[in-house]
Amino acid sequence: MNTTAGSYALLGAKVPRDATVAAKLRRAGAVILGKTNLSQWANFRSSNSSNGWSAYGGQTYGAYYPKQDPSGSSSGSGVASSLGLAFASLGSETDGSIISPSDVNNLVGIKPTVGLTSRALVIPISEHQDTVGPMARTVKDAAILLQAIAGSDPADNYTSAIPFNGTLPNYLAACKLGALQGKRIGVPRNYIIKQENSAPILDAFEAALDVLRDAGAIIVDNTNYTAFAQWAQSTAETTVLDADFVANLASYLKQLTYNPTSVKSLADVRNFTQSFGPEEFPSRDTATWDESLTLNVTYGSAAEWDAYEYNQYLGGVGGILGALANYSLDAVVTPSSVSSGISAIIGAPIVTVPLGAYPENTTVRYNPRGNLVATGPNIPFGISFSGAKWSEESLVGFAFAFEQRTKVRKQVKPYLMPKTELRDVAGGHYSEHAVIHK
């Protein structure tokens, strides 16, 4: 199937083999149904586009309110999984692209440690932050998928850092009702930013802390991030992503066995995008690429390394890793709407679980482009467990223990449901354990 990042620039291009994660799913017995739409180029093109839109795929909508913003970049993966169009899906995350669409589509999403799952033949943004993970309706379903795709791959040298001596943890077995008993869970209050329209989320979050306490967790409040103010002002992440993207995209394009538009670089892709009408330029600009191409920092340079090292401080000693160490925590917990950034810059894992939905009296508010409902009645939101690198086994257990005590997903219903089953179009025998990957 075409792998396009939602762009006509890659329509018809061919890759030499399946992406490693897709090949692993096949070996595990999964039936891959198809590919889903995404925010074009994983939300790494425009300053004025909309989540869930791509030139080739059109506009994806969430199913919990008319014209709902599905979030991104793994928008179609979120909607497809939430509606049961597949058993589960895969998304990719650089900073928020699994957690955020899972958050607003009433899903469990696992953003793995960078290197736990292979990125080979996944269209990249940044080798330092990209990761591939599952999006599913239950923690157990997500754990099953994670088990299938995790592990080393010679085609992605970041997977050589996996520390488990060739035997991965059993993520499904980690799903225990008592997983929170005696665990120290931190609440970094200075990281939980009070945003506009966040009151329902914050109220549900406070109630969730009581659920965690009742499950045996020790809630340690005010485990604040000491470098939070510096992180909030930092441009180091942008520097790393811009530098990586120019080089990492060129490396991906070089692997194509057939390249009908002959794009070999980000500059080529930008030129194509700006000259091909269906790409909707300039209505949807190329501001992110313009920045990447004019940045006076190149991949592997001392300047990029300095930015990367600063990220390791902001997210490490000055961020989540410092809080984990300073307060002897097993994990931190936050609303999913704010969870991704501090973990993204150090490549650390997050698991999000459904927490609630906006009440019926919520004022409808649109995204900046004006074509999607960003906040409205019945739009879901989640809670995230975040931890140190390679701590997925613990985080899955915490998420499961919370999920089983709340079962929020079953209480929040889409306004729209599919009326056609796979059996209606496929006929004959089929597997209910099917997977969509992006």
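Ser 337 is partly exposed in this predicted model, with a relative accessible area of 37%. That value falls between the 20% and 50% cut-offs, so the residue counts as neither buried nor exposed. Ser 337 sits in the loop that runs from β9 (331-335) to α13 (340-344). Setting aside residues up to four places away in sequence, the contacts of Ser 337 are with Asp 103, Gln 195 and Ile 201. Gly 76 is 261 residues away from Ser 337 along the chain, and 18 Å separates their C-alpha atoms.

Asn 106 turns up in another loop, the one between α4 (99-104) and β5 (108-111). With a relative accessibility of 0%, Asn 106 counts as buried. Its backbone is worth a look too: phi is positive, at about 65°, although Asn 106 is not a glycine. Once neighbours within four places in sequence are left out, Asn 106 is in contact with Tyr 64, Ser 82, Pro 354, Pro 380, Arg 409 and Val 412.

Tyr 64 comes up again with Pro 377, whose contacts beyond four places in sequence are Tyr 64, Tyr 65, Tyr 358, Pro 359, Glu 360, Thr 362 and Val 364. Pro 377 belongs to the loop between β12 (373-375) and β13 (380-386). This proline is buried, as its relative accessible area is 8%, and the cut-off for buried is under 20%. Pro 359, one of its contacts, is 18 residues from Pro 377 in sequence, while their C-alpha atoms are 5.3 Å apart in space.

The loop between β3 (58-59) and α3 (75-82) holds Ser 73, and Lys 67 is placed in the loop between β3 and α3 as well. Lys 67 is not a glycine, yet has a positive phi near 60°. As for Ser 73, a cis peptide bond links this residue to Gly 72, with omega at about 10°. Another cis bond runs from Phe 281 to Pro 282, where omega is near 10°. Pro 282 lies in the loop between α9 and α10.

Those two helices also pack against each other. The axes of α9 (residues 266-275) and α10 (residues 287-294) are 10 Å apart, at an angle of about 150°, and the crossing is left-handed. On the α9 side, the contact involves Leu 266, Ala 267, Val 269, Arg 270, Thr 273 and Gln 274, and α10 supplies Trp 289, Asp 290, Ser 292 and Leu 293. By type, the residues of this contact are five nonpolar, three polar and two charged.

A further helix pair is made up of α5 (residues 139-149) and α14 (residues 392-406), whose axes come within 9 Å and cross at roughly 160°. Angles over 145 degrees count as roughly antiparallel, so α5 and α14 fall into that class. Their crossing is left-handed. From α5, Val 139, Lys 140, Ala 143 and Leu 146 meet Glu 392, Val 396, Ala 399, Phe 400 and Glu 403 of α14. Six of the residues in the contact of α5 with α14 are nonpolar and three are charged, with no polar ones.

How far can the model be trusted? The average pLDDT of the protein is 95, and 97% of the residues score at least 70. In residues 430-438, however, the pLDDT is below 50, although this stretch has 47 contacts in the model beyond near neighbours in sequence. Where pLDDT is low, the predicted coordinates should not be read in detail.

Methods: Residues numbered from 1 in each chain as written. Predicted model: local features only at pLDDT ≥ 70, side-chain atom pairs only at ≥ 80, totals over all residues. Heavy atoms only, no water. pLDDT = per-residue confidence, 0-100. Contact = heavy atoms within 4.5 Å. Helix = DSSP H or I, 4+ residues; strand = E, 2+ residues; numbered from the N terminus. Buried < 20%, exposed > 50% of the residue type's maximum accessible area, 1.4 Å probe, protein only. Axes fitted to C-alpha atoms, helices over the stretch in contact; angles between N-to-C directions. Parallel < 35°, antiparallel > 145°, perpendicular 65-115°, else oblique. Left-handed = near helix turned anticlockwise from the far one by under 90°. Nonpolar A, V, L, I, M, F, W, Y, C, P; charged D, E, K, R; others polar.
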